[in-house]
Amino acid sequence: MNKNDSALFYTCSLIEFIGRKRHQKRSDIINILGESTIDRIYRNADILHCEVIDAVADKYIELLSVPEGDFDNVSQCKYTVPDYWTIGAVYERLIEDVSTDVTAKAIITVYTSWINDAISNYNTDFYYQPRDYIKECYLEGSIL
């Protein structure tokens, strides 16, 4: 498995971007995208990253009719909001650390787990904890 998988980093950052833009929980974005679309994004990330991420997000939002939601962890943040690349990196590292092979299923498994709410809470320091700690929390099923 590739550490620092740029395709995975881009895929996770795009998921975060779409979630912020449509005010949806990232787990809901995962469910809307579905396995085949996530796989296509991951496999084509080297091409997609050449476009402005906003345009790529708009393409998928339109293609899949991603609805406007009411989850807005950005405006609820009392502190400096981490950018979508930062959160994409958190997910990338976690998926790399807990998966033997990076697949759309591995991405879905992490994003639809309990840890999604913990990472998306920008009013805590959880998302910028060391990767080993985040991995252990994920494996234990709770914040340690």
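**View 1. The sulfur of Cys-137 lies 18 Å from the closest cysteine sulfur, that of Cys-12, and is therefore too far away for a bond.** A disulfide is a pair of cysteine sulfur atoms within 2.5 Å, and this structure holds zero of them. Cys-50 is likewise in no disulfide, the nearest cysteine sulfur being that of Cys-12, 18 Å away. Cys-137 has 0% relative accessibility and counts as buried, whereas Cys-50, at 62%, counts as exposed (buried: under 20% relative accessible area; exposed: over 50%; partly exposed in between; 1.4 Å probe, protein chains only). The model is predicted: local features need pLDDT of at least 70, side-chain atom pairs count only at pLDDT 80 or more, and totals for chains, interfaces and linings use all residues. Residues are numbered from 1 along each chain as its sequence is written, and side-chain values use heavy atoms, with hydrogens and water left out.

**View 2. Helix α2 (residues 26-43) packs against helix α6 (residues 104-111) at an angle of about 175°, with the axes 9 Å apart.** The two helices are therefore roughly antiparallel (angles over 145 degrees, on a scale from 0 to 180 degrees between N-to-C directions). Helices are DSSP runs (H or I) of at least four residues, numbered from the N terminus. In the contact (heavy atoms within 4.5 Å), α2 contributes Arg-26, Ser-27, Ile-30, Glu-35, Ile-38 and Asp-39, and α6 contributes Ala-104, Lys-105, Ile-107, Ile-108 and Tyr-111.

**View 3. Helix α5 (residues 84-98) and helix α8 (residues 131-140) cross at roughly 60°, their axes coming within 10 Å.** The residues in contact include Val-90, Arg-93 and Leu-94 of α5 and Arg-131, Ile-134 and Tyr-138 of α8.

Conventions
Angles under 35 degrees count as roughly parallel, over 145 as roughly antiparallel, 65 to 115 as roughly perpendicular and the rest as oblique.
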